Amino acid sequence: MSENNNQENNNMERRELLKGLATVPVFGLFLLNLWQKMRRDAIKKSNILSNLVQENSEPAVIKGLSDSRHLNIGIIGYGGRGSHLIRGAGFATKGWTDTVAENAKKNKLDKQFETFMTQEDLNCSLIGVCDLFDVRANQGLDASINEIRPGGKPRSMATRYRHYTELLANDEIDAVIVATPDHWHARIAMDAAKAGKHVYCEKGLTRTFDEAIALHDIVKETGITFQLGHQNRQVEANEKAKQIIRQGLLGKINLVELATNRNSPWGAWVWNIHPKGNAKTIDWDTFQEPSPNKFPFGEEALKRFFRWRCWFDYGTGLSGDLLSHDFDAINQIMDLGIPKYASSTGGIYFYKDGRDVPDVWNATFEYPDKDLTVLYSATLSSNEPRGNRIMGHDATMQMGGQSGGGSIHGFIVTADSESTQYKERLEQGIINTKYPIYTYSPGSKQIDGVTSATSRYFANKGLLYTYREGKRVDPTHLHIKDWLDSIRSGSQPKCNIDVALHEAVTCHMATESYLQGRRIEWDPKKRALV
Amino acid sequence: MKNNLSGNDAYAGSQLNGIVILRVLIGWHFLYEGISKLINPYWSSAAYLLDSKWIFSSLAKTIVSNPTLLGISDFVNMWGLTLVGASLLLGLFSRYSALVGMGFVLLYYLFAPPFLGLEYSKPGEGSYIIVNKNLIEACALWVLYSFPTGHVIGLDRFFAKSESN
């Protein structure tokens, strides 16, 4: 009887234990599945990349170099771009700092103010401002003394110069930023180089081909430190892309497609005519001095002064403004140099406002020695984000322009279904053409308030923000820093005069093709367009 | 049917099995949601919060714009989901974790409810109007809270037993 009882008790206890632990096997099943999934993912990852991608760390932030020598800088052309460059050097107008500080209070995602204030102090002073429009010149002076800046109170207030030659005559100025319209770039930059000033020049390098060659040679002769304003050179994504292409992840590349899409009057250079712009506040005669066609001061002149990108008299439209950026980025990634042939076509199809530069424009560049065609396609009347594509036999790299995903200037690499390199892995199902084999999205854990269509355009191209040590920085600031650091150390900045010449000649070949209606050939021996 | 916390035979067999299976499945779901976030170094609650609509959208933006708050949000989500999941699956403290889990999914629901007129940038994985799977899962967890099973099938049984002893 007691034996029966014992057995019953044992049975009870066993049942108790079983009931208590009943779901533990399910937990084990879960862990088994989790382990299998993690192992599969790891094998997949290692198979896909199989030593192809060596994870290099991000570019180091060079510190301390700024302390070595204080530099005095001057700005020639304090307009929209000029003021951005000067902010990159650490000086902003009171109006700007107030506005962005206010914006940051209203919208917590707006990090412009924080990004500016946490910029490295570049140990320089803005001591000279030259602009042909009084309002902007005064803004430049205001920026030079605004105490709201990284690094605190500025050392001195800038002097205003009416003509750039007066600014260059100031011996205290070490370096100048040239952010005038393109038709003034070459003359100012060459005079600055001859005066021994280091030069940061905005893109496009020059208005004409001849000017580009002349400027290149003067910079070489004088040995000044020259930086062209392609801040994409500082963007981490481009360096990562370069590394991946070098490692052969894409296979043989025969076609590169670059695209510009904008769809707003601002994006089409229909910029505001400043209400205070008049014959007294604008030095119109000096403005149009180097341009082929002259106009008396009046309504037309005002339009041309404030919307100069719309005319070949002052710039080269899409070519110098936007192709130049995309070309320089692809030149940075693939070391292309100058193409053998260029041809382009387009027209003024949307903005029939008196401009003479095309608003829809397509160009092709041939590199027979590299078995490569580069295609550039631009429209100013559609915002469709096409992004840039580097198409290889084994995989395609899509940069920017991805819809959804929230990717800011990242890229994805997707295998090609007919790839030779990935054939086996495609057959085994390890690589799937529906999913990227490599994704690069910097700062993916960071969020920003870049909202307007135009700033999103730039952000997708990586022109607004990049990341260093996990912190968001403005590449324009890094580009100015690179230039100032190079001046101090005597090294070459990232967008030096040699790569600047690649950009200029390539863009001018395409512009000339449009203007002349024929294919343009580059003769590298004679350094001439044929 | 009686809702009796200590009775072993409070539920009929199929009732008990049904509720335990529900608990295990929801636990499994939570556990994997949590662990998949823990092992993904790129995961962040920011994308979800940024797309938040309705009454919590400004709170969501505050969290996203503050790295500390976002860090807390990420941490709470990753570990919260994992612990609730393990707890439901094993039947350990499962009554409380049902309540916590219900809080989680209700918040997910309220941060992005499928109401008329609210447009989300990411398309949902199904078709919903007012009712979505989050709301249903929250209700299922309410049921689990109201009809606890951990003390019958689960590790809670050992605690319930030692208490009654």
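Predicted model: local features only at pLDDT ≥ 70, side-chain atom pairs only at ≥ 80, totals over all residues.
**Entry 1: where the chains meet.** I started with the buried area: chain A and chain B bury about 2,300 Å² between them, and 74% of it is on carbon and sulfur atoms. Next I looked up who takes part, and found 22 residues from chain A and 32 residues from chain B in the contact.

Entry 2: How many salt bridges does the rule find across the interface of chain A and chain B? I got 1. Its partners are Glu16(A) and Arg157(B), with the closest N and O atoms 2.6 Å apart.

**Entry 3: chain A's side.** I checked which helices touch chain B. Helix H1 (2-20) and helix H2 (24-49) of chain A each supply at least two residues of that side. H2(A) gives the largest share, 9 residues. Sorted by class, chain A's side has 12 nonpolar, 4 polar and 6 charged residues.

**Entry 4: a sheet in chain A.** Then I moved on to an open sheet of 10 strands with mixed pairing, in the order S14-S13-S12-S11-S7-S10-S9-S8-S17-S18. Which strands sit at the edges? They are S14 (438-440) and S18 (528-529) of chain A, each pairing on one side only. I zoomed in on S12 (395-399) and S13 (411-415) of chain A: they run antiparallel and 5 bridges join them. There I found Met397(A) opposite Val413(A).

**Entry 5: a helix across the sheet.** Last, I traced helix H14 (318-334) of chain A. It lies across S7, S9, S10, S11 and S12 of chain A, at about 145 degrees to S7(A).

Methods. Residues numbered from 1 in each chain as written. Chains lettered and ligands numbered in written order. Heavy atoms only, no water. Contact = heavy atoms within 4.5 Å. Buried area = accessible area lost by both parts, 1.4 Å probe. Salt bridge = Lys/Arg side-chain N within 4 Å of Asp/Glu carboxyl O. Helix = DSSP H or I, 4+ residues; strand = E, 2+ residues; numbered from the N terminus. Nonpolar A, V, L, I, M, F, W, Y, C, P; charged D, E, K, R; others polar. Pairing = 2+ DSSP bridges. Axes fitted to C-alpha atoms, helices over the stretch in contact; angles between N-to-C directions.
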